[in-house]
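Trainee: I would like to go through the annotated positions of this protein with you, and to ask what stands behind each label.
Mentor: Let us look at the structure together and then take the labels in turn.

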Amino acid sequence: MATPAEARVDLAAIRHNVALLKERAGGAEIMGAVKADAYGHGLVPVSEAVLEGGASRLGTAFVREALELRAAGVTAPILSWLITPQEPLDEALTAGIELSAADARLLDEIAAAARRVGRTAKLHLEADTGMSRGGAPLAAWPGLLDRALRLRAEGVIEIVGLWSHFACADIPGHPSIERQIEAYETALKLADQAGAADSGVIRHLSNSAAAMTLPGARFDLVRPGIAMYGLSPIPELGDFGLRQAMTLTARVGLVKRVTEGSGVSYGHLYITGHETTLGLVPLGYADGILRHATGRAEVLAGGRRRLIAGRVCMDQFMIDMGDDPLSAGEEVVLFGPGDGGEPTAQEWADTLGTITHEIVTRIGSRVPRVHVNVSKGTSRRA
């Protein structure tokens, strides 16, 4: 069935980006971050492409995301790191999902689930090295290690990872970067002294930006996210050879001529300066097109870039074509890799004062993901 819009996702670009990251990682394993529906690109097909590109593990924020991957037949190791009360821990352990813990309460909940299902829980212990978000502060780290080791002695958990997360790796030279590396190394030393850093325990700290620019922070594994989707983690340093995977398009729903002085869309923020052709594009803020893209963001239509004319509505926005031809059903490109002159996601982010993560993850469920360049070895499709 034809749809008025689609987000085309180039899985060959995903595979290319992961292979590039693997090369840059210098021997460290790759855990592909596929949380938030693979940053809006489609969880299962993208996860398969990430693994085909050379990642050995996957990472999700929530257990339900990991369970969706297992239900689709993905067997690679998966870590879920944002564990809130009343998560389906029994299901997670039964499915072999690795979990993160940063306090005694969660350790005890996971241990109780392990006893119920008769499975040893594989845990990554998270240290807060300076982001002040997840993780145990260094002052509480010895206590977390002690509790984990008691549960390990009972046989209900296995410590498989020790990790933390950068706050400012995307800001080259930020003083917190070195402080966090030092704090993480302190956490590793304390874990080693306590007997929690056995051979085979995975040490991981780096996100996309650190994987690209901080060789000394790669340790055993890196966790790229945004870079896998072809979007630079540090735009001021260039694209690193990444290929943008998503192209967002829509088909024009209506074309009409209007007179000079016509007010366009809510509030009449845009007034036509002369008789002109308007085109209706059936995407709006319900689909993730930010409302303040009004009069700012550009799209490619009729071979040229056009500003969004007038207020972005819930389901649609308008473009002013002047006297250029346009037909109902003609494709408009909001953003893509830029090969055809269309804006990129980075340009949209810069124009709207945000980051590419928000641009791609906001695209809503009404917009189907159409995956192209699917590997012959992939059996499941979105």
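**Annotated residues and their surroundings**

Trainee: Why is K35 called partly exposed?
Mentor: Buried means under 20% relative accessible area, exposed means over 50%, and partly exposed is in between, computed with a 1.4 Å probe on protein chains only; K35 has 29% relative accessibility and therefore counts as partly exposed. Please keep in mind that this is a predicted model, in which local features need pLDDT of at least 70 and side-chain atom pairs count only at pLDDT 80 or more, whereas totals for chains, interfaces and linings use all residues. Residues are numbered from 1 along each chain as its sequence is written, and side-chain values use heavy atoms, with hydrogens and water left out.

Trainee: What makes Y266 exposed rather than buried?
Mentor: Its relative accessibility is 61%, and exposed means over 50%, so Y266 counts as exposed.

Trainee: Which feature does UniProt place at K35 and Y266?
Mentor: The unreviewed UniProt entry gives "active site" at K35 and Y266; such positions are in the numbering used here, with feature names shortened, and annotations may be inferred rather than shown by experiment. The two are spread over 232 residues of sequence and also in space, up to 35.3 Å between C-alpha atoms.

Trainee: Where do K35 and Y266 sit in the chain?
Mentor: K35 is in helix α2, residues 35–40, while Y266 is in the loop between β13 (263–264) and β14 (270–271); helices (H or I, at least four residues) and strands (E, at least two) are DSSP runs, numbered from the N terminus.

Trainee: Which residues does K35 touch, not counting residues up to four places away in sequence?
Mentor: K35 touches G59, T60, A61, E65 and W81 on that count, where contact means heavy atoms within 4.5 Å. Leaving aside neighbours within four places in sequence, Y266 is in contact with R311 and C313.

Trainee: What makes M314 partly exposed?
Mentor: M314 has a relative accessible area of 43%, and partly exposed lies between the limits for buried and exposed, so M314 is partly exposed. M314 lies in the loop between β17 (304–309) and β18 (317–322).
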